[in-house]
Amino acid sequence: MADGNSYTERIVITGVGLTSPNGNSLSEFRQNLLSGKSGVVPYQTRYMGDVLAGVCNFDTLKYQKRKDLRRGTRVGSVSVYCANEAIIDAGLDWPNVEKDRVGVYLGITEHGNVETENEVYEISQFDYDTSVWTHHHNPRTVANNAAGEVTINLGITGPHLTIGAACAAGNAGFIQAAQMLRLREVDIAIAGGVSESIHTFGIFASFQSQGALARHEDPTKASRPFDKDRNGIVVAEGGGICTVERLDDALARGAKIYGEIIGYAMNSDAKDFVLPDSNRQEQCIRLALKRAGVTPDDIDIVSSHATATEQGDIEESRALRNVFGDCENVAINNTKSFIGHAMGAAGALELLGNIPSFEDNTVHATINLDNIDPECALDQLVVNHPLKKPNIQYILNNSFGMLGINSVVIVKKYTE
Amino acid sequence: MSPAEIRQVIIDILAKIAPDEDLSNLDDEKPFREQMELDSMDFLDIVMELRKLYRIQIPEEDYHNLVTMDSTVTYLTPRLKDA
């Protein structure tokens with residue numbers, strides 16, 4: 001170990017709620033990650049027709065009425081479901097929680113495209129008469145929509161933010177939570193990342209124009225990070241939300257502790273709109289390690305960001321090789337190979353799907369890795385089948401995004 | 001459209017914008033808002049749906065006519081007679 005954690009106050013995850021294309025709870029998600037079950041399916045999107053996507057099938061009426069769904073957005077619905085699940089899982093005495101001491105911090109890749117596309121289509125049916133443009137457009141498209149819908153649903157009167165951080169957003173939500181808890185702005189943070197991206201045709205069309213939209217005759221094999229035969233991203237929706245608390249508060253109420261957020265970092269490439277930069281990714285990883293007070297050798301699992309784009313996978317592989325090249329302890333996996341790229345939810349789901357490793361001492365695999373790209377060759381990749389690994393203590397979660405935004409979170413198995 | 005047909009149009013719109021409500025016992029003489037959860041955004045949905053369905057523009061100063069089912073049907077009958 002390096003010379004100790006640089007933070008004075010310990011921050012822990014105490015409840016988990018999620019929906020992913022292959023599971024609507026942590027246990028279901030985990031089981032499918034271990035059994036190699038993909039969540040990618042054929043999907044129809046406006047104007048483009050047949051594409052592939054990661055689609056969630058959570059019960060939208062579990063915590064909302066039909067009118068709530070009609071009033072709000074898909075990402076609001078995802079967020080409300082996950083936040084409620086997390087609060088229940090955390091065992092919080094919710095009616096007696098001081099709601100003005102709860103903050104909601106949700107990472108998101110983009111927002112407003114779904115509603116805007118829907119409305120442009122709608123007025124096109126009326127010869128572009130803007131008088132039929134819905135009055136719901138503004139409240140649905142404001143950038144705080146996802147987190148705001150959670151506060152309305154749960155009566156939370158503390159601060160709420162939706163954090164725009166491209167595909168680094170899931171980690172950014174957890175980081176914001178840790179910071180706000182340490183600043184004592186809140187006592188409980190509802191934090192993570194969410195995505196409704198499959199409901200906008202624009203994201204599919206843009207990736208296609210970029211030559212980065214995955215196609216495969218078998219949808220379950222379409223998302224192929226690190227594989228030489230990869231041909232792009234599978235867009236997915238989803239959400240991963242946790243209750244995050246200061247350790248002392250969690251212990252005082254006898255909470256189950258999933259893990260401790262011991263380090264994190266964010267930085268910027270300052271270089272390109274879309275192309276990643278392994279140098280900055282490496283810096284981000286090393287900064288998170290330093291702040292956590294651990295060395296690369298301490299890390300048991302690296303949850304990679306790789307999206308199955310050629311340049312993205314190569315750049316991250318280079319960064320990982322530079323940091324973990326001679327580390328025999330580490331195992332590297334990838335969740336997008338199962339569910340596609342859940343955009344704002346990706347970082348959160350990818351971390352949460354690995355958290356049960358602290359209990360089952362198993363590393364879920366990277367699936368669809370049949371012919372590894374030599375430029376992505378990493379000895380530590382867990383290929384196609386889970387790996388049993390004793391005494392898993394540390395998970396490092398990478399999430400990177402467009403405009404050169406990088407985020408890394410390190411979670412440790414809780415020990416006194 | 002006849003008043004009865006207009007009433008059904010309004011019922012269909014209410015069913016769409018307030019899908020959790022039971023409209024079978026709606027009292028046509030009582031304000032909608034006393035019988036179901038309707039806020040100002042929902043009310044605008046009624047106006048919007050009529051605009052989309054029948055291209056009828058209801059000015060804001062006439063909104064008070066849409067308080068009850070009876071007043072709504074009375075207001076709309078001459079405006080939708082050819083619809």
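Reader: What is the order of the strands in the open sheet of three strands of chain A?

Author: The model is a predicted one. In this sheet the edge strands are β2 (40-45) and β7 (235-236) of chain A, each of which pairs on one side only. The pairing is mixed, and the order is β2-β3-β7 (chain A).

Reader: Which residue is the bridge partner of Gly54(A) in β7(A)?

Author: Strand β3 of chain A covers residues 49-54 and is joined to β7(A) by two bridges. These two strands run parallel. In β7(A), the partner of Gly54(A) is Ala236(A).

Reader: Why is helix α6 of chain A described as largely enclosed by the rest of the structure?

Author: The buried residues of α6(A) include Asn145(A), Gly148(A) and Thr151(A). They pack against α3 (74-90), β4 (102-108), α5 (137-141), β5 (160-164) and β6 (188-195) of chain A. Helix α6(A) spans residues 145-154 and is largely enclosed because its buried residues number seven of the ten.

Reader: Which residue just after α6(A) takes a positive phi?

Author: The phi in question is about 65 degrees. The residue that takes this value, just after α6(A), is Gly155(A).

Reader: Which element gives the most to the side of domain 1 of chain A that touches domain 2 of chain A?

Author: The centres of the two domains, taken over C-alpha atoms, are separated by 21 Å. In the contact between them, 56 residues of domain 1 of chain A meet 51 residues of domain 2 of chain A. Elements giving two or more residues to the domain 1 side include β1 (11-19), α1 (26-35) and β8 (238-246) of chain A. The element that gives the most, with eight residues, is α7(A).

Reader: How many nonpolar, polar and charged residues does that side of domain 1 of chain A have?

Author: The side concerned is the one that touches domain 2 of chain A. By class, its residues are 28 nonpolar, 20 polar and eight charged.

Conventions: Residues are numbered from 1 along each chain as its sequence is written. Chains are lettered from A and ligands numbered from 1 in the order in which they are written. This is a predicted model: local features need pLDDT of at least 70, side-chain atom pairs count only at pLDDT 80 or more; totals for chains, interfaces and linings use all residues. Two strands pair if DSSP finds at least two bridges between them. Helices (H or I, at least four residues) and strands (E, at least two) are DSSP runs, numbered from the N terminus. A residue is buried if 20 or more other C-beta atoms lie within 10 Å of its own, exposed if 12 or fewer, and partly exposed in between; C-beta atoms are placed from the backbone. Two residues are in contact if their C-beta atoms, placed from the backbone, lie within 7 Å. Domain bounds come from an automatic or database domain assignment. Ala, Val, Leu, Ile, Met, Phe, Trp, Tyr, Cys and Pro count as nonpolar, Asp, Glu, Lys and Arg as charged, and the others, Gly among them, as polar.
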